[in-house]
Each structure stands twice: as structure tokens, then as C-alpha cells.
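Please keep the sequence and the structure in view while reading.

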Amino acid sequence: KRSSVETHLLLRVLSQTEKSDTGWCAGLQLDWQRFADACDFHGVAPPVFLRLASLPENAVRAELLAHLRDRFYKISLTNYLLAKTLVALTSRLEAEHIPVLAYKGPAVAMGVYGDLALREYKDLDLVVQSEHLPNAIKVMAQAGLRMVPDCRPETRRDRAQLHHATFHTPDRSQFVDLHWQLAGNLWQAFCPEVEKLWNRIETLQLPHGRVSTMCREDLFLVLCFHGAKHRWWRLKWLVDVAELLRRADTW
């Protein structure tokens, strides 16, 4: 668990509205490394970096800004490469007449924040309809991805008990979760039904092409569900919801 001091400062940064109000920045001078670690733990380094970099000179320690700047560029590169993989995978699936939705990851970064670099993600999530699952698994294998054995949905019973299968590249540099449900049996009553998502899909433009994703209303419910399921132990899930609502008037 992270100190309440660092969490409080993170919340001040992420909710900052007045650039002239910098009195609270003194807290960042105490132990900048602990604050930097909290940014990484909560997955909010990109938005925190942009907000601190906009403050007056010397308001924040140079070491902290240098750390966050380095994290920002590394996350940007990872996000860009994953988004490229996302477009390639969805194109392969659609070429085999398998409808697919981009879920979380690049879809949230671009759809909610408007920029791939502003929301950290480390893997990809795709959603397909249950009847297309066997063919989708074949397409993933043809793309060179390997399935994690423990989550192999070999039977109808497996598909009922599980809700996604995890794949990875041979070097394990990228991971992809292929969903046919958004949650296991115990949680399905609290999240949108996958079968109904397909009637309300939207198209999202990424740097390497277009992907289909959930409409904003469904995404809002899914983000709330995901954060609640994990008891909101990472601030980035709360920031996702806040940012989606903040940009609601641009829909």
C-alpha cells in the first residue's frame, strides 16, 4: 500500500484546476522518489508529468520531472507499439468475418483521453462473440500468438466458467486477452451483457487504422465495473472515469 501522503498529493495533482495554486507543491520536495513510485504504482505517470511540467519553474524538483519525463516517453513508445498490434489483430479477425471490439488499452487512451500517450496500459483486450471463439483462437495462433495453457477454453463448460483467454508473443513482450465475456459468472450481473454491446458499437481512429469499440455509455459502465471489481486500488481507474465524464460535452 502506498502512503496516504503520496496518494493525497497525487489526487491534488490530478484534480488541479488553478495553475496559480502551487502551495501544495512543497510536499513534492520532501521525498520525490516516493511520489514517483506512487505514480508508477497507480499508473498515472503520463497525466501527472504533463500537469507538473506546466507549473512555474522550480515548483517541482528537477529530479522528479526528469523521472516522469522518462516514464512518459517509455510509456508512449509501448502504447504506440501495442496500438499497432491491436489494428493488425483486429484486421486479421475481421478478414475472417469475426466481429471484434477493442476493449480498454488503446481504446480508452484514444477514446477517453484523445491521445495514446496519456493513459498507461501494458496489454491488449479484445472482445468477440462466443460463437466465433474457436475461429478467433485459430486467427490468434496464425498471427504467431501463443495461448497461456491455464486459460485454454477447450470445451463449452470451460467457456462458461472462464471469460477470457490470454495470449502472448513468443518473446512475451506483448500480451493479449481475448474475451467472450467481460467477467466470470460471479460478476456478470454487475457488468454490461456482451451480446448487447454489438448494437451500439463505435469506430475509433488509431494511428495505424480504425478499430471498433464500445459506445461511450457502455464504456462508462464497464470502467465503473472494472474499478469496483478491483476495489479501485489503482488511481488510474478512477481517473479514467473522471476524464470520460469531463469530456462528455465533446461527444
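In helix α3 (residues 45–53), the buried residues include A45, P46, P47, V48, F49 and L52, where buried means under 20% relative accessible area, exposed means over 50%, and partly exposed lies in between (1.4 Å probe, protein chains only). The model is predicted, so that local features need pLDDT of at least 70 and side-chain atom pairs count only at pLDDT 80 or more, while totals for chains, interfaces and linings use all residues. Residues are numbered from 1 along each chain as its sequence is written, and side-chain values use heavy atoms, with hydrogens and water left out.

**Helices α2 and α3**

- The cover over the buried residues of α3 includes α1 (4–14), α2 (32–42) and α4 (62–95); helices (H or I, at least four residues) and strands (E, at least two) are DSSP runs, numbered from the N terminus.
- In α2, the buried residues are W32, F35, A36, A38, C39 and H42.
- Seen down the axis of α2, these buried residues fall within an arc of 155°, so they line one face of the helix, the arc being that of the directions from the helix axis to the C-beta atoms.
- Among the elements that cover the buried residues of α2 are α1, α3, α4 and α10.
- G43, which follows α2, has a positive phi near 70°.

**Packing of α5 and α10**

- Helix α5 (residues 105–113) packs with helix α10 (residues 235–246) at an angle of about 40°, and their axes are 9 Å apart; axes are lines fitted to C-alpha atoms, for helices over the stretch in contact, and angles run from 0 to 180 degrees between N-to-C directions.
- That angle makes α5 oblique to α10, since angles under 35 degrees count as roughly parallel, over 145 as roughly antiparallel, 65 to 115 as roughly perpendicular and the rest as oblique.
- From α5, V108, V112 and Y113 meet K236, V239, D240, E243 and L244 of α10, contact meaning heavy atoms within 4.5 Å.
- The residues of this contact of α5 with α10 divide into five nonpolar, no polar and three charged.

**Positive phi in two loops**

- Most residues other than glycine have a negative phi.
- K104, in the loop between β1 (100–103) and α5, has a positive phi of about 60° although it is not a glycine.
- R231, in the loop between α9 (216–229) and α10, likewise is not a glycine and has a positive phi of about 60°.
- R231 is exposed, with a relative accessible area of 75%.

Key
Nonpolar A, V, L, I, M, F, W, Y, C, P; charged D, E, K, R; others polar.
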